Amino acid sequence: ISSFSDAGALEVSTAVSPENLGRVFPALLGELETLRREPPAEEEWRRLLIRWRASLVSSLDRPGDLQERYAADLLFNAVEPLSDTWTAVAALDRASMPGAAHGILDPANLAVVLVGPDARSRLEEVKQLWDRREALR
């Protein structure tokens, strides 16, 4: 999952073998819908914050990650000091997640991109799975 907070966008990606697409895609849509309805469990929220903090700290030791962070900040003219990032995350509250996710994950705002050597042959399957997403609610 990657966020583009300046654009109000969230990117979710997965890699799956073609034969598992019919299981993974509905499961992914179901998880996104769950995020819109209910906050993560307390233990899950705690693990998420620990993982996010560890990822941010370890990214400070990876030149490629630092380059990506600061180049993107400069490219989009939105330099955010790490201290501001820490402050923003510290202010997050798990109970407010469904409200935030509701707009971002509105099905009307979602786009699906299928990539791979046989993506064209799977397009109709993905369209059918997308059309059945209402059954996941």
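Residues are numbered from 1 along each chain as its sequence is written, and side-chain values use heavy atoms, with hydrogens and water left out. In this predicted model, local features need pLDDT of at least 70 and side-chain atom pairs count only at pLDDT 80 or more, whereas totals for chains, interfaces and linings use all residues.

The chain contains 6 helices and 2 strands. Helices (H or I, at least four residues) and strands (E, at least two) are DSSP runs, numbered from the N terminus. Along the sequence the elements follow the pattern β-β-α-α-α-α-α-α. The chain has 137 residues, of which 19% count as buried. Buried means under 20% relative accessible area, exposed over 50%, and partly exposed in between (1.4 Å probe, protein chains only). Contacts were taken as heavy atoms within 4.5 Å. Among contacts between residues at least 6 apart in sequence, 64% join residues at least 24 apart.

Helices α2 and α4 pack at an angle of about 175°, and their axes are 12 Å apart. This makes α2 roughly antiparallel to α4. Axes are lines fitted to C-alpha atoms, for helices over the stretch in contact, and angles run from 0 to 180 degrees between N-to-C directions. Angles under 35 degrees count as roughly parallel, over 145 as roughly antiparallel, 65 to 115 as roughly perpendicular and the rest as oblique. On the α2 side, the contact is made by Leu 49, Trp 52, Arg 53, Leu 56 and Val 57. On the α4 side, the partners are Leu 82, Thr 85, Trp 86 and Val 89. By class, the contact of α2 with α4 has 7 nonpolar residues, 1 polar and 1 charged. Here Ala, Val, Leu, Ile, Met, Phe, Trp, Tyr, Cys and Pro count as nonpolar, Asp, Glu, Lys and Arg as charged, and the others, Gly among them, as polar.

The rings of Trp 52 and Trp 86 have centres 5.6 Å apart and planes at 80°, so the pair is edge-to-face. Rings of Phe, Tyr and Trp (its six-membered ring) pair if their centres lie within 6.5 Å; planes under 30 degrees apart count as stacked, over 60 as edge-to-face and the rest as tilted. Trp 52 belongs to α2 and Trp 86 to α4 (residues 82-90), so the pair ties together parts 34 residues apart in sequence. Trp 52 is partly exposed at 29% relative accessibility. Trp 86 is also partly exposed, at 31%.

Helix α1 packs against helix α5 (residues 97-104) at an angle of about 130°, with axes 6 Å apart. The two helices are therefore oblique. In α1, Leu 35, Arg 36 and Arg 37 take part. They meet Met 97, Pro 98, Ala 101 and His 102 of α5. The contact of α1 with α5 divides into 4 nonpolar, 1 polar and 2 charged residues.

The structure holds 6 salt bridges, each defined as a side-chain nitrogen of Lys or Arg within 4 Å of a carboxyl oxygen of Asp or Glu. One of them joins Arg 36 to Glu 33, with the closest N and O atoms 3.4 Å apart. Both residues lie in α1 (residues 21-37), 3 residues apart, about one turn of the helix. Arg 36 and Glu 33 are both buried.

Another salt bridge links Glu 43 and Arg 46 at 2.7 Å, N to O. These residues lie in α2 (residues 42-59), again 3 residues apart, about one turn of the helix. Glu 43 is partly exposed, with a relative accessible area of 40%. Arg 46 is partly exposed as well, at 41%. Together with Arg 47, Glu 43 and Arg 46 form a network of salt bridges.

Asp 118 and Arg 122 form a salt bridge at 3.8 Å, N to O. Asp 118 is partly exposed at 30% relative accessible area. Arg 122 is partly exposed at 21%.

Arg 133 lies in the segment after α6 (119-131). At 19% relative accessibility, Arg 133 counts as buried. Arg 133 and Gly 30 are 103 residues apart in sequence, but 7.9 Å apart in space, C-alpha to C-alpha. Neighbours within four places in sequence aside, Arg 133 is in contact with Leu 29 and Pro 107.
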